[in-house]
Structure formats: structure tokens, C-alpha cells
Amino acid sequence: MTSNRQFIVSLILLALIIILGTLGYVAIEGWSVMDALFMTVITLTTVGFGVVHPMGQAGKMFTLVLIFIGGGFFIYVVGAIVQFMVEGRIRAVLGRRKLDRKMNHLKDHYIICGYGRIGKVLCHQLTLHKRMDFVVIEQNRDLVPVLEEDKRLYIIGDASSESCLLKAGIERARGLVAALATDTDNVFLVLTARQLNSDILIMARSSYKETESKLRAAGANLVESPYDMGAASMAQKILRPTVTNFLDLAVTRKHKDIQMEELPVTEKSPLVDIMLKDTGIRQKYNLIIIAIKKADGHMAFNPSFETVFKAGDTVIAVGKDEDLMRLEKVLNPS
């Protein structure tokens, strides 16, 4: 039996004993409910205040039974309550230390600032990826049960404070997402984050169009408006329903047979300086190469079979998830 269940069962049984003791004195001695309840409680707790009213032989026998059965059980219940409180505190401390150890070992991770509607959905999408670690910074302590239930690595505190960002490992992080409630908070957060890590990728949420320039001036690499993106997505679903349906399946990972992924090419890859036609990607991995982004930012859509892979390229491919993972091991061998 778990400590939580043991605690609840103990409280229920204690309440039953108090009720039975009270009813017993009322039935045997004819006392009022308050006197019977008072006598039951002082008997169970063994405080020794004395008898409320003179008792007959039946009342005395009932009191002896209540002392032997109820008194010992009352001590057991008190012990269970103390155990529950101590174990709960220990679990909280050990759980926090476990989270801190995990965060201390993170590298090339993302820091998600804000676990509201935007932050929660974003974390869910990152979790589906399964290959990207992230830490959540949230100021609202009321969201701790939600963070615990979602099994997030989290820090409770002000995301724009240097101490929270350093605890989240901003010096080792790959990117940061500023998804706080107001644009003012996001601007201050971006300023602080950019000072702590000049190379980190920063994506910021903007509620108003005029704030975009301020966020970029503060150091944000990317600025996105959820409202603009939502409106654009709705328009595309009206204008190009089939295309958007395909992209939804490929990007949101709703269909195992259709996945779209970007795969970086490293210097250790055996496909470096090899033409696309000689890689055998189509035959070996059953994948379709949509585009190749070169190191200088140029995007080659529908690359020709004579396109040569170079270190620093990013391959955008479509296919099954397991095939994409096999190709990733070739393009980016560990």
C-alpha cells in the first residue's frame, strides 16, 4: 500500500472509530452527542482529563475496549500522518535534486520561458521530436502540478533574471524561446539572455506588430506572432487544403509513413563530396530529398542528381521516421 493510500485509509478508520465511540456513549450512558464526542476524543488521545459523567459498569467496559482498540490505533494514525508529511517532503526534495542534476548535464538544449498556452503546446511538439532536450522556466507556482504531470524539467522563477537563466544552463544552451505573457517582458528577457550568451539562437513571441523591431533590436534572431501565424495557417487551409493537409501530416508527425525532417551534414559523413546520384539515398533509405540548404543560406529546392553534399549542408527529406533516422546516422555520425 502506498503512503498516500495508507494515509487516506487511516483517516477514514479514525473517523469511524470516533463516530462509533460517540454513538456508544450516547446509547449506553444516554449522554449528549457533545459529551460523548468529548469523552471519546480524550479517551483515544489518553490526555487524562477525567470522566465527563459518572458511568455504569457497561460504560466502563466500553471505555476499556475503546482504550485498547482505539487508543493504539490512534497512535498508529498519528504515526502515519507524520510519515506521510515527512515522506512527502523528502520526495519533493529528492525530486528537485534529480531535476537539478539532469539540468546540470544538459548541453545544446533549449530554454522555454513561459508555460502558458503557447509554451505548453511548444513543449508538446518538442517532446514529439524525442531528440531535443529543453528546460521550462515558469514564474507561476500554481503551474507546478501541471509541469510535474507533463514530466517537464522546470525552474520556478523570473525568466528574465540572470540567476534563473544561468541555472537553466543558458551558457550551454542552443536556443531560447521567449513566450512570456507580455511583449515588454519578452523584450527584457531577450536583452538579458543575449548578454549572457551572445551566440544563442533566440526566438521571441510578439503580440503586436510594432514590438517586432524592438525584439530584434534587443537581440532576437526570430520573432513570431501566434496571431499572424494562426491567421496565415487558416488562410492556407482555405486556399490550399490538400497541401496544408500533407504538411500537417509530415510536420506534426501525425502519420508514421510521412515524416519531414532536416538533417545536418557533418565533416565526418561518408557522403561529403559525393553527388546525390551516387549516394543511393533513394534506393537504400526510400526517402525523397525535398531541398538542400547550403552553408551560405542558399536553398536548393528539388536538387539535381549532380548536387554534391558538403559539410555544413542541411538536407530536407521526406519518408518514414525509421528511414530518416538511418540517414541521419550517415549524415551526422557520432
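Mentor: Let us begin with a term. A residue is called buried under 20% relative accessible area, exposed over 50%, and partly exposed in between, with a 1.4 Å probe and protein chains only. At 21% relative accessibility, Phe62 therefore counts as partly exposed. Please note that this is a predicted model, in which local features need pLDDT of at least 70 and side-chain atom pairs count only at pLDDT 80 or more, while totals for chains, interfaces and linings use all residues. Residues are numbered from 1 along each chain as its sequence is written, and side-chain values use heavy atoms, with hydrogens and water left out.

Trainee: What percentage of the residues of the protein chain count as buried?

Mentor: The protein chain has 334 residues, and 36% of them count as buried. Its accessible surface, computed by the Shrake-Rupley method with a 1.4 Å probe (for residues, only the protein chains shown count as cover), comes to about 20,200 Å². Carbon and sulfur atoms hold 61% of that surface.

Trainee: How many helices and strands does the protein chain have?

Mentor: Helices (H or I, at least four residues) and strands (E, at least two) are DSSP runs, numbered from the N terminus. The protein chain has 13 helices and 10 strands. As for contacts, the term means heavy atoms within 4.5 Å. Among contacts in the protein chain with a separation of 6 or more, 60% join residues 24 or more positions apart.

Trainee: How is a pair of aromatic rings described?

Mentor: Such a pair is described by the distance of the centres and the angle of the planes. Rings of Phe, Tyr and Trp (its six-membered ring) pair if their centres lie within 6.5 Å; planes under 30 degrees apart are stacked, over 60 edge-to-face, and the rest tilted. A search of the whole structure finds 2 aromatic pairs. In one of them, Tyr25 and Trp31 are stacked, at 5.2 Å centre to centre and 10° between the planes. Tyr25 is buried, with a relative accessible area of 1%, and Trp31 is buried at 8%.

Trainee: What kind of pair do Tyr25 and Phe62 form?

Mentor: Tyr25 and Phe62 form an edge-to-face pair, with 5.1 Å centre to centre and 85° between the planes. Tyr25 lies in helix α1 (residues 3-29) and Phe62 in helix α3 (residues 57-104), so this pair ties together parts that are 37 residues apart in sequence. Tyr25, Trp31 and Phe62 form one aromatic cluster.

Trainee: Which residues form a nonpolar patch on the surface?

Mentor: Patches are made of residues with over 30% relative accessible area and no salt bridge; like charges are joined within 9 Å, and nonpolar side chains (Val, Leu, Ile, Met, Phe, Trp, Tyr) within 5 Å. Here Ile8, Val9, Ile12, Leu13, Leu16, Ile19 and Leu23 form a nonpolar patch, with about 600 Å² of accessible area together. Among them, Val9 is placed in helix α1 and is partly exposed at 33% relative accessibility.

Trainee: Which side chains can pair when their charged atoms come close?

Mentor: Side chains of opposite charge can do so. A salt bridge is a side-chain nitrogen of Lys or Arg within 4 Å of a carboxyl oxygen of Asp or Glu, and the count here comes to 5. One of them joins Asp313 and Lys294, whose closest N and O atoms are 2.8 Å apart. Asp313 lies in the loop between β9 (299-301) and β10 (314-319) and Lys294 in the loop between β8 (288-293) and β9, so the pair ties together parts that are 19 residues apart in sequence. Asp313 is buried, at 2%, whereas Lys294 is partly exposed, at 21%.

Trainee: Where do Asp323 and Arg326 lie?

Mentor: Both lie in helix α13 (residues 321-331), 3 residues apart, about one turn of the helix. Asp323 and Arg326 form a salt bridge, with the closest N and O atoms 3.1 Å apart.

Trainee: How many disulfides does the structure hold?

Mentor: A disulfide is a pair of cysteine sulfur atoms within 2.5 Å, and the structure holds 0. For Cys113, the nearest cysteine sulfur is that of Cys164, 9.1 Å away. That distance is too far for a bond. Cys113 is buried, with a relative accessible area of 0%, and Cys164 is buried at 9%.
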